Amino acid sequence: MTVLLEARAGEIVTLTLNRPDKLNALDAELIGALDSTFERLAGDPSVGIVILTGAGEKAFAAGADISAMSEMTVAQARAMSAKGHAIGARMESAHFPVIGAINGFALGGGCEIALACDFLYASDRAKFGQPEVKLGVIPGFGGTQRLARRVGLGMARELCYSGAVIDAQTALRIGLVNAVVAPADLIAKVTEVAKAIATVGPKAVAACKRVMLEGADLDLKDANALETTTFADLFETAEQREGMAAFLAKRPARFGTH
């Protein structure tokens, strides 16, 4: 199986890109499996958080499979790009956060899949880059857009124009990742964060994700209006009543399924 869905720990699901012998390169089979897996999880209200990582110690995903890409026609390249964009859109529109655990190379399409995660934690061995220009093409899974939104336009232009590969500490400095940890601690750290998110209001988390995503494409006035409407709408939920009652009673809140 090119995508492993590991046993759940409560509401936390771990997905592993599973082509370690090919550095988890994104061939058609893996891309299709990732798309269908996220489609299935997005339809499951019991899923609270997804951790996405790569098999082995060397790579999260070391880009697309160049041997397969080298003979593509324009139509085939367009279809491949569309599939990559569809995966990113599924990840961003899902009701649950997706946390990337980047354990090695995240290059090209691998970096772009990472960028579609809500946020990232990296091993100190991780490497990031959009080296497509070295192959005579550009990023095709959203890298020209999501990278700029993550690290700023100037830095994104430098990385995309040069095809440079950066280490984990540089990725931390420019805001690409939230933290860098030792390889042996990576999954434990991401799981700790996921468990913390699993204790809070699931509808509130989903609403935060949606408002932050949609608001990024609006002007400030309209984005703030979206926040106001969503904030108010949550006051008709059982989750809001339980959360505030628990706070006033000085007890842990008992929220339902994410």
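Me: What should I know about the model before I read it?
Reply: It is a predicted model, in which local features need pLDDT of at least 70 and side-chain atom pairs count only at pLDDT 80 or more, while totals for chains, interfaces and linings use all residues. Residues are numbered from 1 along each chain as its sequence is written, and side-chain values use heavy atoms, with hydrogens and water left out.

Me: Which value does phi take at Leu23, and where does Leu23 lie?
Reply: Leu23 is not a glycine, yet its phi is positive, at about 55°. Leu23 belongs to the loop between strand S2 (12-17) and helix H1 (28-42), where helices (H or I, at least four residues) and strands (E, at least two) are DSSP runs numbered from the N terminus.

Me: Is Lys250 buried or exposed?
Reply: Buried means under 20% relative accessible area, exposed over 50%, and partly exposed in between, with a 1.4 Å probe and protein chains only. Lys250 is exposed, with a relative accessible area of 77%, whereas Leu23 counts as partly exposed at 29%. Lys250 lies in the segment after helix H11 (238-249), and its phi is also positive, near 55°.

Me: How is empty space found?
Reply: Rolling a probe the size of a water molecule over the atoms shows where empty space is left. On a 1 Å grid over the protein atoms alone, a cavity is a set of points where a 1.4 Å probe fits but cannot get out, and lining residues have an atom within 4 Å of a point. The count here is 1 cavity of 30 Å³ or more.

Me: Which residues line the largest cavity?
Reply: Its lining includes Cys111, Phe128, Gly129 and Gln130.

Conventions:
On a 1 Å grid over the protein atoms alone, a cavity is a set of points where a 1.4 Å probe fits but cannot get out, and a pocket is an open set with protein on both sides within 12 Å along at least five of seven lines; lining residues have an atom within 4 Å of a point. Grid points are joined across faces, edges and corners, and a volume is the space filled by probe spheres set on the points.
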